[in-house]
4 protein chains.
Amino acid sequence: MKAAIIQEINQPVSIQDVEKPQAGAGEVIVQLKAAALNHRDVFVQQGKYPGMKLPVIIGSDGSGVVAEIGEGVSDEWLGKEVIINPSHNWGPDNRFYSKAFKILGMPDNGTFAEYLKVEAKYLHPKPGHLSFEAAAAVPLAGLTAWRALMSRAGMKPGERVLVTGIGGGVALFVLQFAVAAGAEVWVTSGSDEKIEKAMALGAKGGVNYKDPNWTKNLIAATGGDRSGYFEVIIDSAGGPHFAKLIDVATAGARICFFGGTTGNITDIVPGKVFFKQLNIYGSTMGTEAEFAEMVRFIEENGLQPVLDETFALEETEKALRRMDNGTQFGKIVLKIG
Amino acid sequence: MKAAIIQEINQPVSIQDVEKPQAGAGEVIVQLKAAALNHRDVFVQQGKYPGMKLPVIIGSDGSGVVAEIGEGVSDEWLGKEVIINPSHNWGPDNRFYSKAFKILGMPDNGTFAEYLKVEAKYLHPKPGHLSFEAAAAVPLAGLTAWRALMSRAGMKPGERVLVTGIGGGVALFVLQFAVAAGAEVWVTSGSDEKIEKAMALGAKGGVNYKDPNWTKNLIAATGGDRSGYFEVIIDSAGGPHFAKLIDVATAGARICFFGGTTGNITDIVPGKVFFKQLNIYGSTMGTEAEFAEMVRFIEENGLQPVLDETFALEETEKALRRMDNGTQFGKIVLKIG
Amino acid sequence: MKAAIIQEINQPVSIQDVEKPQAGAGEVIVQLKAAALNHRDVFVQQGKYPGMKLPVIIGSDGSGVVAEIGEGVSDEWLGKEVIINPSHNWGPDNRFYSKAFKILGMPDNGTFAEYLKVEAKYLHPKPGHLSFEAAAAVPLAGLTAWRALMSRAGMKPGERVLVTGIGGGVALFVLQFAVAAGAEVWVTSGSDEKIEKAMALGAKGGVNYKDPNWTKNLIAATGGDRSGYFEVIIDSAGGPHFAKLIDVATAGARICFFGGTTGNITDIVPGKVFFKQLNIYGSTMGTEAEFAEMVRFIEENGLQPVLDETFALEETEKALRRMDNGTQFGKIVLKIG
Amino acid sequence: MKAAIIQEINQPVSIQDVEKPQAGAGEVIVQLKAAALNHRDVFVQQGKYPGMKLPVIIGSDGSGVVAEIGEGVSDEWLGKEVIINPSHNWGPDNRFYSKAFKILGMPDNGTFAEYLKVEAKYLHPKPGHLSFEAAAAVPLAGLTAWRALMSRAGMKPGERVLVTGIGGGVALFVLQFAVAAGAEVWVTSGSDEKIEKAMALGAKGGVNYKDPNWTKNLIAATGGDRSGYFEVIIDSAGGPHFAKLIDVATAGARICFFGGTTGNITDIVPGKVFFKQLNIYGSTMGTEAEFAEMVRFIEENGLQPVLDETFALEETEKALRRMDNGTQFGKIVLKIG
Ligand SMILES: [Zn+2]
Ligand SMILES: [Zn+2]
Ligand SMILES: [Zn+2]
Ligand SMILES: [Zn+2]
């Protein structure tokens, strides 16, 4: 079968012909129809994870059709259209993952291939209203967004939500989930165009963080005051800007982040946090139960993931470069076969 | 001014001309434009509350314009279109109300009158998208629904929600709130017509509880199984049917009730509750913060309360009789002036 | 090896010589030093569970020494003194157990034997301050008590706790846990002697529920008032008495039950539940994480389980009959080997 | 009456003879028997709060006897021995304080005087087992400790707790509360002697943070590993050391802080927070309900606040200087009259 393989770090991905995997006990083989990219794929290529195991077929997100089942797997799965939960071995405690936790697509071979071997317990029926491409866009980013917004920040319908850095996959799911759950959502971006697109998706407004006065602009736009406005803030940038999120948070707010693309968090004034009784949460991908909840919410509300550009599996390297330059709005998808 | 007054229990309400109230310190006078009925008004007429104080102007729900302000009240309120939170003196603990708790419309004079005296802290700006009639329908029922669904049952977007006895004011708000918050909502009713109307409001389906097999019908319709289906159930009937709600609840479900119109709860099989790890909550009206959240949610999502029939203030007795016979679908409203 | 076996329902347990089990992959063989009884053992003997599989070696609680390890088990376990978590396959959601959930001692062979085969993941080091007999008394009852009191009722240190039916294994652990966690604890019992023993364990007082005025007596003793006294109530009786627990609960109280030995719950007055905003929870045994927390709490606080009487393995039937007649105070233990 | 007054910032407190206050409606006059110091008193003297109002009688903590009651106050208070909750106007939401929030002892006159005027609702009966001096030590520090540990961090009995900077009033209450609630508690300090004293109060151990390897030492002492050890960490220092707390926190830990005496928080590595799913909370003094819970816990468990040194009211300046130099272990108390 064809697969996109990382042979060495910091080298282009290569499309190779490799052996099709076989299903062991409790496993299935999925014939992939589409896959989607995450920053993680670029980070794997850059060798950013401890204990890298190469070569590896990358890719955490995928959709397809169950082509083969191993021993002990219900034959109802055969031929089913599915998506795959890439969050493996979370473990028994909802609050944090176990030491055995791993993400599909390194160390285990991932979804940028014609076939995928995976434990049957990570299969979920593809939502009927989604194409294979749209469904492939859901897993990693949707799960990360769901846990951050719903489980960790505990967003209540009607609350005021700020999503920073709109345009990336997770941030867009946060936006869509919060809007569909009846929240008032605002965004930040370095691009006015992305803010406009976010408003078309239901955001009430947004500000450009390249303006040094962006927090003042945001407070003015929302009608907030010196004590802030937002009850929920979802961030993945960290860095020096993080301290400003504290200024726009209202008393009792929950700030949740699952990334730190702009570096270390600095210059937090303790009094700003404790006088406002703020809550700051770190989050990652989530549990099996959260994945099921998230998929159900997408189905129930007929949500369509935002797709950026679609590439062929053979163009994986090109797709990775697009991911890396950060100009995308929505998920970058690979069409397979 | 004209007012609808209960002179003695079990007697028709009488429309009388009484002295217009005056605003003391911290109080305002609201010129009422509309009011709305609740079962409580009928219960007051029937003398069902301990420590009844008569005569009294009944009515908990109202909207209008601030006509006068007392000492210490910001003059920004003057002339403002408002609705009134009828939940007074909740007290410092979100979890339960204080001993000083009281509901507008007995012992204090209520909203079925041309003018109302009320503490300014219970005023909220009328949502801009609502008429006075629609706004008057919101307070008591909306607050009760919000606390039961959001604070007590802690509904998470995407969950499966069952609302029993659809048609009453609170149940309809529960339905609308849950739908707008991205839940999958089902209803029960004794009237197929009401179920159809509920589906027009976003319910996915419903069953008629007059059918002795209604729980089986409901499980079949939803695709649930022997271990139930619903994660959240909101009830106000209590009585012998309550035990059946346990059968349609899924493991870990939350069942919240705020009324017991059909009498005592009986024949709960302990094992059904503990093997499924169920959670059963009692609830009432709510806190000042919950009222503000609820109004904001209505505004943010552009919700329109379901209105049944509108009467003139002079027809209050007729309106009470309609409330009492239970055939309404939505709030019964009084137009004033 | 010798083992206590149920051959048919409603027949005395028989002590037989059976084959010693062998450890498969991920499993260990524990040489048991002590076991303890639970009502469950009597219920299995009475055939009260659906899908009974006989013959079976009963027994959920045990302590001993790891005598053999299967493939893939760390050899650090060999020779270790251990207790065994009998709550198997809870599953991924802390809130309820999965469909694969099972309890050690039916369908799988249990602890009333010289050797036990069990998955290594259910082993926990025996607390150093406990004898094998005391350690064997901990697992099922301690876990049930911990989940009910700490996870479900969410007891906060300093709260007022009522434990009904003191004397049984779970109730005594609830008492000990609550006292060690800084709560004010009261008990009920049908025996004044048991109440006195509970006070020696740290209860502040108690009442005899055979007195028809027991709720009034309890309120008088505590200094509570008409609106109740207890913030947390832990019950396992259910039945007609359950409604009285509602009378002694204070506003916002949590009532948790994990049994229903006196039958169905009846005559709950809805208004008493909702005006007081009560919370009623069903509970069972718990998760792997709860088991670890519970054992750690016992170690940290040097708690000694209350032991009733110790029998030899050969006297299992006699021990079961003592369990069944309900006069015990504390855990009934079997000494093995 | 005699009172300790701040006339101008950065000047010694002066003991003056001023008019005894009179009780208005809802108020009482307490004849103070003892008071206690907090860093806040020093900060007021240094003019560190916005909107300072001088001159003022400082002091947030006090105990005494009710000498006079105003209109509408129950005469049962007359002659009662009391302590005073210094957290005023918290407001309706448990999660954060209202804009009207203020702390006794600036802007309102405080407890370093022979008489205090205060609203009756802030009175609590003095726990019977405490002297006036010990009781005066409780309010501000005890409330801050209770909210941080119990409400915000949600410490569960049996958890592993780290208290930084042991010796100050709040940290010592955190230690005592956690120990009495069955936790395993460790401390840090810059003084080995303070660590020993903390161990005499029930701490399991501690490390000196002056040692640059203190986190490694702590992990070694506890038996933790690279992924940390503590489920709850309570801090009031902030500053560059805060980032190290993240290293000793275990997955899912809650870190709560209510001060920032060593400056801004810097160099937080986002991945350390989100991979471990940490929770970081700011906290302050608390609600009326929390104050009542805290006092009840102290009574129920017979806790004795740790007292450092006792001064006469006339020696207030000397007492403030002792507070300021940071060598105390426990509360510094003023004896009055
Ligand atoms: Zn991204
Ligand atoms: Zn109704
Ligand atoms: Zn028992
Ligand atoms: Zn201090």
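Select Lys156(B) and Glu293(A): they form a salt bridge, with the closest N and O atoms 3.7 Å apart. A salt bridge here is a side-chain nitrogen of Lys or Arg within 4 Å of a carboxyl oxygen of Asp or Glu. Chain B and chain A share six salt bridges.

This is a predicted model, where local features need pLDDT of at least 70 and side-chain atom pairs count only at pLDDT 80 or more, while totals for chains, interfaces and linings use all residues. Residues are numbered from 1 along each chain as its sequence is written, chains are lettered from A in the order in which they are written, and side-chain values use heavy atoms, without hydrogens or water.

Now show the whole contact (heavy atoms within 4.5 Å). Chain B gives 20 residues and chain A gives 20 residues. The two chains bury about 1600 Å² between them; that is accessible area (1.4 Å probe) lost on being put together, summed over both. Color Pro157(B), Arg296(B) and Glu300(B): in chain B they lose the most area to chain A.

Next, move to chain D. About 2800 Å² is buried between chain D and chain A, 54% of it on carbon and sulfur atoms. Pick Pro270(D), Phe274(D) and Gln277(D), which supply 22% of the area that chain D buries against chain A.

Which salt bridge does Lys99(D) make? Its side chain meets that of Asp225(A), 3.1 Å from N to O.

Last stop: strand β16 (residues 279–282) of chain A. Strands are DSSP runs (E, at least two residues), numbered from the N terminus. This one pairs with β16(D) in the antiparallel sense over three bridges; pairing needs at least two DSSP bridges. Select Tyr281(A) and its bridge partner, Asn279(D).

Terms used. Helix = DSSP H or I, 4+ residues; strand = E, 2+ residues; numbered from the N terminus.
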